[in-house]
Amino acid sequence: MHPVIHISSLSISSYAVMMSLAVIAFIALVLHRAEREGLDANRLAKLAPWGLLSMLIGARLFYVVVNLRDYASRPADILRFWRGGIVSYGGFLAFFIFCTLSIKYWLRMPVWHCTDIATPALAAAVCFWRIGCFLGGCCYGAPTDLPWAVLFPRFAPPDARYRGFLWCAPPDTPGVFRHPTELYEALIGLTGFFLFSWALKKVSRRDGVLFWACVGAYAWLRVAVEVVRDDPRGQLVLLFGPGVQDHVRWIEVPVSRYLPSHTAELSLWLSTAQIVSIALLLVSAGFIINRLGSEPVHSTPGRTIAQ
């Protein structure tokens, strides 16, 4: 991992760099596609700074809500965002709400047409964002011995000389190798970028179906990825068996560290991201079913027909 990039005497957070690249790539791809679709790219560009601000605020607030007990006694820390602590889903939801409302009531442009052309850019942003998580060493997965397992710095002893993948590490490398869940999501984002870029060229309808198909696909895959994530974050745990007093608990530590101290015969858990993903999956499915049952909306160069 490379949490900090050193350029001469300047030190920059690699996560901040990749998040900046995600924003730049998203804006550039959306504006480029808008011009090709006959939309006013200059008007859409007005949303960029405010959309970014809404995303940062939403990502931070979602983290604070999930970890509310930590901030109850020190509310001033809520504003200290530079110390870390953001949730990607919170940023996405805030950005989506702000942009859809602004496009409809401020710019007075076709909302779902705009979201459809932004779909590949959204997938590309996910790719950059999660690479940033990987470089920063956060959002890691559970222990594994798969060939592509990764030794994260925090799980390697101080005297370990190697940091990297299991398949190229010496046999006696000390430390705990884990799933690179950040790279799993980065790969999902990269695949989504190519898939939905192709779909934009082949599919004429511009009524939100492509966008919600992307959201639904990501939500479904995120549920799967969360199964092998093991970093400390809010999770709903259900315990069953004799001697278990509380059947449902909300924990903020890794599941692998929490469960061994309990005698439950059966345990199930849902992370915050899985709960949000399931909700988004249901919303996207409902939207797509409703849209596909209605007359498709098409677009032609220089002229948009969508609401």
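In this predicted model, arginine 43 touches Leu107, Arg108 and Met109, leaving aside residues up to four places away in sequence. Arginine 43 sits in helix α2, which covers residues 41-45. Its relative accessible area is 28%. Arginine 43 and leucine 107 are 64 residues apart in sequence. In space, their C-alpha atoms are 6.9 Å apart.

One of the residues touched by arginine 43 is Arg108. Arginine 108 lies in the loop between α5 (88-105) and α6 (111-117). Its phi is positive, near 55 degrees, although the residue is not glycine. Arginine 108 has 65% relative accessibility, so it counts as exposed.

A positive phi in a residue other than glycine is also found at cysteine 139, with a value near 60 degrees. Cysteine 139 belongs to the loop between α7 (119-136) and β3 (150-151). The relative accessible area of cysteine 139 is 15%. This residue is therefore buried, as the cut-off is under 20%.

Helix α1 spans residues 14-36, 23 residues in total. From its first C-alpha to its last, α1 reaches 33 Å. That is close to the 33 Å expected at 1.5 Å a residue. Several residues of α1 are buried, among them Tyr15, Met18, Met19, Val23, Phe26 and Val30. The buried set also includes Ser14 and Arg33. After α1 comes glycine 38, with a positive phi near 85 degrees.

Helices α9 (residues 209-226) and α11 (residues 272-292) pack against each other. Their axes are 8 Å apart and form an angle of about 150 degrees. Angles over 145 degrees count as roughly antiparallel, so α9 and α11 fall into that class. The crossing of α9 past α11 is left-handed. The residues of this contact divide into 15 nonpolar, 4 polar and 3 charged. On the α9 side, the contact includes Val209, Trp212, Val215, Gly216, Trp220, Arg222 and Glu226. On the α11 side, the residues include Gln274, Ser277, Ile278, Leu281, Phe287, Ile288 and Arg291.

Conventions:
Residues are numbered from 1 along each chain as its sequence is written. This is a predicted model: local features need pLDDT of at least 70, side-chain atom pairs count only at pLDDT 80 or more; totals for chains, interfaces and linings use all residues. Side-chain values use heavy atoms; hydrogens and water are left out. Helices (H or I, at least four residues) and strands (E, at least two) are DSSP runs, numbered from the N terminus. The expected span of a helix is 1.5 Å times one less than its number of residues. Buried means under 20% relative accessible area, exposed over 50%, partly exposed in between (1.4 Å probe, protein chains only). Axes are lines fitted to C-alpha atoms, for helices over the stretch in contact, and angles run from 0 to 180 degrees between N-to-C directions. Angles under 35 degrees count as roughly parallel, over 145 as roughly antiparallel, 65 to 115 as roughly perpendicular and the rest as oblique. A crossing is left-handed if the near helix is turned anticlockwise from the far one by less than a right angle, and right-handed if clockwise. Contact means heavy atoms within 4.5 Å. Ala, Val, Leu, Ile, Met, Phe, Trp, Tyr, Cys and Pro count as nonpolar, Asp, Glu, Lys and Arg as charged, and the others, Gly among them, as polar.
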